[in-house]
Amino acid sequence: MNSVTDDRQIPPVLPALPATHTDWRRHLPPSVAFGWLAAGWRDFVRQPGLSLAYGLATFAVSLLIVLSLVDLGYDYILFPALSGFLVIAPMAATGLYEKSRRLAAGRPVTLRDMLFVRVRSGGQIAFVGLLLCLLMVLWNRAATLLYALFFGLLPFSGLDAIVPVLLGTPEGWWLLGVGSFVGGIFAAFSFSISVFAVPRLLDERSDALTAMGQSMALVWNNLALMLTWAALIVVLFGLCVATGLLGLIVVFPVLGHATWHAFAAMRGAIVECEPEPPVE
């Protein structure tokens, strides 16, 4: 991705954060998450060829990775890898954020704009991407260790036998329970640091740590709404997996556009708090 040295080329859509203390609570009902999804669909159907091309590319790359894992004998990490897709998805959707950003500003958008995004924060966004990739690798390693913890050094039974093993044995039940708990921790952390950080780094100049910290603050202080949004993402991604990843062609672009609108809604109305008077 190319960084921008001249701020006048791509003016930010949203105002920069104030330096004063900020109230991160938005007092929005959980139902607002469905409105974000609807806004994402509206962006999808505007110049739909661009979003479909992006979704097709995402599907093709994902399918290639899955087939490669199976062909190389790494099918035992297939399920963790699929769940790990949600960890790096915020970075993969950067081009979709750019389309929604340009549509919101009334500017033209092309596939080139989406593929070669001009990021206002420059290399800072690469730091977030690196962290998310490391989290995905760590989660895959943790999943492998959990399998060894409950099944010992027995070889992976294969994709055709894994479901009966997981659902029909006590070890499988424990693995599902503990694995879901540990995976949930990875997912919650990666979601909270990236869901608003990546769009912000795209839209304005900031450092990665500040953007990730403020993303976590927005998530934590609007927990009911963000849990609803996260649940929608998980359900829709589950539908993509159930369709052999074909659903990614449409679902991934819609969620990417919707995430930009979530950022705009949560980020656009900053409530400044009065600073406390100095102690005499």
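## Threonine 259 and its surroundings

Threonine 259 touches Tyr97, Val195 and Trp229, leaving out residues up to four places away in sequence; contact here means heavy atoms within 4.5 Å. The residue sits in helix 12 (residues 248-268), where helices are DSSP runs of H or I with at least four residues, numbered from the N terminus. This is a predicted model, in which local features need pLDDT of at least 70, side-chain atom pairs count only at pLDDT 80 or more, and totals for chains, interfaces and linings use all residues. Residues are numbered from 1 along each chain as its sequence is written, and side-chain values use heavy atoms, with hydrogens and water left out.

Is threonine 259 buried or exposed? Its relative accessibility is 8%, so it counts as buried (buried is under 20% relative accessible area, exposed over 50%, partly exposed in between, with a 1.4 Å probe and protein chains only). Its side chain also reaches the backbone oxygen of leucine 255 at 2.8 Å.

## Glutamine 47, between two helices

Let's move to the loop between helix 1 (32-45) and helix 2 (48-71), which is where glutamine 47 is placed. Glutamine 47 is partly exposed, with a relative accessible area of 39%. Setting aside neighbours within four places in sequence, its contacts are Lys99, Leu103 and Val109.

Valine 109 comes up again in two ways. The side chain of glutamine 47 reaches the backbone oxygen of valine 109 at 3.2 Å.

Helix 2 has 24 residues and reaches 34 Å from its first C-alpha to its last, close to the 34 Å expected at 1.5 Å a residue (the expected span is 1.5 Å times one less than the number of residues). Buried residues in helix 2 include Leu50, Tyr54, Phe59, Val66 and Leu69. After the helix comes glycine 73, with a positive phi near 85°.

The second largest pocket has a volume of about 530 Å³. On a 1 Å grid over the protein atoms alone, a pocket is an open set of points with protein on both sides within 12 Å along at least five of seven lines, a cavity is a set where a 1.4 Å probe fits but cannot get out, and lining residues have an atom within 4 Å of a point. Points are joined across faces, edges and corners, and a volume is the space filled by probe spheres set on them. Of the 24 lining residues, Ile65, Ala81, Phe85, Ile88 and Met136 lie nearest the centre. Helix 2 gives the most to this lining, with 8 residues. The lining divides into 19 nonpolar, 4 polar and 1 charged (Ala, Val, Leu, Ile, Met, Phe, Trp, Tyr, Cys and Pro are nonpolar, Asp, Glu, Lys and Arg charged, and the others, Gly among them, polar).

## An enclosed space

How many cavities of 30 Å³ or more does a search of the whole structure find? The search finds 1. About 60 Å³ of space lies in the largest cavity, and of its 11 lining residues the closest to the centre are Arg200, Gln214, Ser215, Leu218 and Arg267. Helix 10 supplies the largest share of this lining, 4 residues.

Notes
Polar contact = N/O pair within 3.5 Å; in protein donor to acceptor, adjacent residues only side chain to side chain.
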